[in-house]
Amino acid sequence: MYLRVEGKPHRLTGEALVPRSKYHVHRALILASLAPGISRITGLSKARHVQYTLALLRNLGTEIEIDGDTYLVHGGPYRPLRETVSAGSSGTTLYFMIGLASLAQGPVVVDAHKAFRRRPVEPLLRALGQMGVLVESSDGCPPIRVAAQRPTGGRVQIAGTLSQWISGLILLAPFATGPTVIEVQGELNEQPYMLWVMRLLTPGQG
């Protein structure tokens, strides 16, 4: 891509509308779905990947209303409306919700669009298994069958390739029946995203 910016002899003034971050909206919706009661999230996103998160959460039984520029999320236990839910083509949705699907009140198959059925998630599945989550996949890719069973916690090892894998484990860890230690192997990529999730889960630090 070639971008050319020409300077101006006078001072520039005005207002610029910064698009809402789909990364923030993903996490806000998922966290709100886990929190009892009603959460209000101001700032809608038209990003297609956010729509996949909305659809998956609704299929898990989370009621999400739209009131003007606000999402109203009725959080609480996941009560799946169907056995198979789809993350579409959203990697964030897929990586976060494989583990969190274990909190549903029945087994769930987490699927994705055709191209994503070739996306390997074996390192994440192994880490979830170490955490006590019962997952089944024929080839380490979606679709993935997730049993309805709270994780036990424990010592988990995972590559630092994707912060979304680690963030998914961090989001699930508070629901484990015991403490969880996550050991990152190799270089930790995209560290700011992971640290942000940790701050959201720390009282007074969100």
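## Strand pairing and overall form

In this predicted model, β4 and strand β5 (residues 108–111) run parallel to each other and are joined over three bridges. Within this part of the fold, V85 has V110 in β5 as its bridge partner.

The pair belongs to an open sheet of four strands, arranged in the order β4-β5-β7-β6, with mixed pairing. At its edges lie β4 (84–86) and β6 (135–136), each of which pairs on one side only.

The secondary structure of the chain as a whole consists of six helices and nine strands. Among contacts between residues at least 6 apart in sequence, 70% join residues at least 24 apart.

How does the radius of gyration of the chain compare with that of a compact globule, and what is the value for each? The chain has 19 Å, which agrees with the value near 17 Å that a compact globule of 206 residues would have. Along the principal axes, the C-alpha atoms fill a box of roughly 65 × 40 × 40 Å.

The table collects further values for the chain.

| Property | Value |
|---|---|
| Residues that count as buried | 41% of 206 residues |
| Accessible surface | about 11,400 Å² |
| Share of the accessible surface belonging to carbon and sulfur atoms | 52% |

As for charge, the chain carries 21 positive and 14 negative charges, and the mean positions of these two groups are 3 Å apart.

Technical notes:
Residues are numbered from 1 along each chain as its sequence is written. This is a predicted model: local features need pLDDT of at least 70, side-chain atom pairs count only at pLDDT 80 or more; totals for chains, interfaces and linings use all residues. Side-chain values use heavy atoms; hydrogens and water are left out. Helices (H or I, at least four residues) and strands (E, at least two) are DSSP runs, numbered from the N terminus. The radius of gyration is taken over C-alpha atoms; the globule rule is 2.2 Å times the number of residues to the power 0.38. Buried means under 20% relative accessible area, exposed over 50%, partly exposed in between (1.4 Å probe, protein chains only). Contact means heavy atoms within 4.5 Å. Accessible areas come from the Shrake-Rupley method with a 1.4 Å probe; for residues, only the protein chains shown count as cover. Lys and Arg count as positive and Asp and Glu as negative; His and the chain ends are not counted. The place of a charge is taken as NZ of Lys, CZ of Arg, CG of Asp or CD of Glu. Two strands pair if DSSP finds at least two bridges between them.
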